[in-house]
Amino acid sequence: MSLLNAISISNSGLTAERQRVEATVSNLANARTTRTPQGGPYRRRSVIFEAVAVSDDFGRELQNRITGMGVRVKGTIEDPRPPQKVHDPGHPDADEQGYVSFPNVNPVEEIVNLISSARAFEANLTAIGLSRQLIERSIELGR
Amino acid sequence: MKPELFADNVLEKAERVMDLLSRRQELLASNLANVDTPGYKTIDLGFREALEGELQKPWPLVQTSPGHFSAAAPTPPELEPVEVEGLVSRPDGNNVRFERELLQMTMNKLRFDMAVQWAQSRLKALRIAIDEGRR
């Protein structure tokens with residue numbers, strides 16, 4: 001039971017990190033997008049992680065035992081930081097003062113997040129592999 | 001009267017160890033899944049020293065009749081998950097170090113393999129005894 005939970009937990013980690021990657025690559029792709037359908041430049045997106053119970057074992061809840069927690073994306077928020085203003089009067093999206101508002105995306109920050117998500121993803125994959133091996137060993141024991 | 005092959009409870013002990021390690025694997029998986037969750041604190045089984053002690057303890061006495069004395073060695077405490085001490089938190093409150101979790105998982109698996117070996121060699125001895133007994 002614990003081992004099956006462990007796999008569900010690791011799986012939730014994979015999903016959450018994947019969603020974080022999706023937000024990150026969206027930010028990178030739109031780092032220079034000055035106009036959007038909503039008007040104004042692209043606004044950086046980030047995901048909020050929260051720990052959640054993945055176990056549906058009601059018996060455990062009754063015993064009030066701390067179990068392992070999975071993770072999920074609580075929501076996606078727009079970064080409240082203001083757009084980066086660059087003086088470029090010739091640009092089609094320049095305002096009256098000649099400033100263009102570029103997205104509040106810092107490519108360095110996004111790349112760091114990308115790498116961090118990638119290693120977390122790998123770690124969760126490794127965890128699933130190890131949990132699976134423990135289960136397989138247990139099964140082989142009976143043979 | 002239990003035959004000699006059951007006298008030292010290897011199978012029981014192996015099962016306890018495997019159960020504990022499975023629960024630990026779940027907690028370690030939880031830590032890894034939440035490596036980027038703000039405010040999450042690393043958890044692990046408490047009384048790890050007790051776990052180590054459990055592995056080295058002498059075997060408990062087997063009571064096969066009401067007249068037998070009960071063992072002085074108590075049943076192991078319920079090893080409840082606790083927050084791990086001594087880990088530095090990052091600015092978002094998370095203190096998970098994923099290299100620690102991966103290392104612990106690997107050690108976990110090795111211990112698990114050991115317990116499986118104990119159980120397997122005992123089961124093998126049993127099978128041989130059964131087969132020999134048929135002749």
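The model is predicted: local features need pLDDT of at least 70, side-chain atom pairs count only at pLDDT 80 or more, and totals for chains, interfaces and linings use all residues. Residues are numbered from 1 along each chain as its sequence is written, chains are lettered from A and ligands numbered from 1 in the order in which they are written, and side-chain values use heavy atoms, with hydrogens and water left out.

Start with chain B. Its elements run α-β-α-β-α from the N terminus, giving 3 helices and 2 strands. Helices (H or I, at least four residues) and strands (E, at least two) are DSSP runs, numbered from the N terminus. Of the 135 residues in chain B, 40% are buried. Buried means under 20% relative accessible area, exposed over 50%, and partly exposed in between (1.4 Å probe, protein chains only). Chain B exposes about 7,900 Å², with 60% of it supplied by carbon and sulfur atoms. These accessible areas come from the Shrake-Rupley method with a 1.4 Å probe; for residues, only the protein chains shown count as cover. Consider contacts (heavy atoms within 4.5 Å). Among those in chain B between residues at least 6 apart in sequence, 79% join residues at least 24 apart.

Now turn to the interface. Chain A gives 38 residues to the contact and chain B gives 32. Together the two chains bury about 2,800 Å², 62% of it on carbon and sulfur atoms. Buried area is the accessible area (1.4 Å probe) that two parts lose on being put together, summed over both. On the chain B side, E26(B), D36(B) and K109(B) lose the most area to chain A, together 22% of what that side buries.

On the chain B side, α1 (10-33) and α3 (98-134) are the elements that give two or more residues. The largest share, 12 residues, comes from α3(B).

Helix α1 of chain B holds S30(B). S30(B) is buried, at 0% relative accessible area. Beyond its neighbours within four places in sequence, S30(B) contacts I9(A), G68(A), M69(A), Y40(B) and I43(B).

Salt bridges come next. A salt bridge is a side-chain nitrogen of Lys or Arg within 4 Å of a carboxyl oxygen of Asp or Glu. D36(B) pairs with R20(A), the closest N and O atoms being 2.8 Å apart.

Within chain B, R100(B) bridges to D44(B) at 3.1 Å between the closest N and O atoms. R100(B) lies in helix α3 and D44(B) in strand β1 (residues 43-45), so the pair ties together parts 56 residues apart in sequence. D44(B) is buried at 2% relative accessibility. R100(B) also meets E101(B) in a salt bridge (2.7 Å, N to O), and both of these residues are buried.

Chain A has a network of salt bridges linking R44(A), D79(A), R81(A), E109(A) and E110(A). R44(A) is buried at 7% relative accessibility, whereas E109(A) is partly exposed at 26%.
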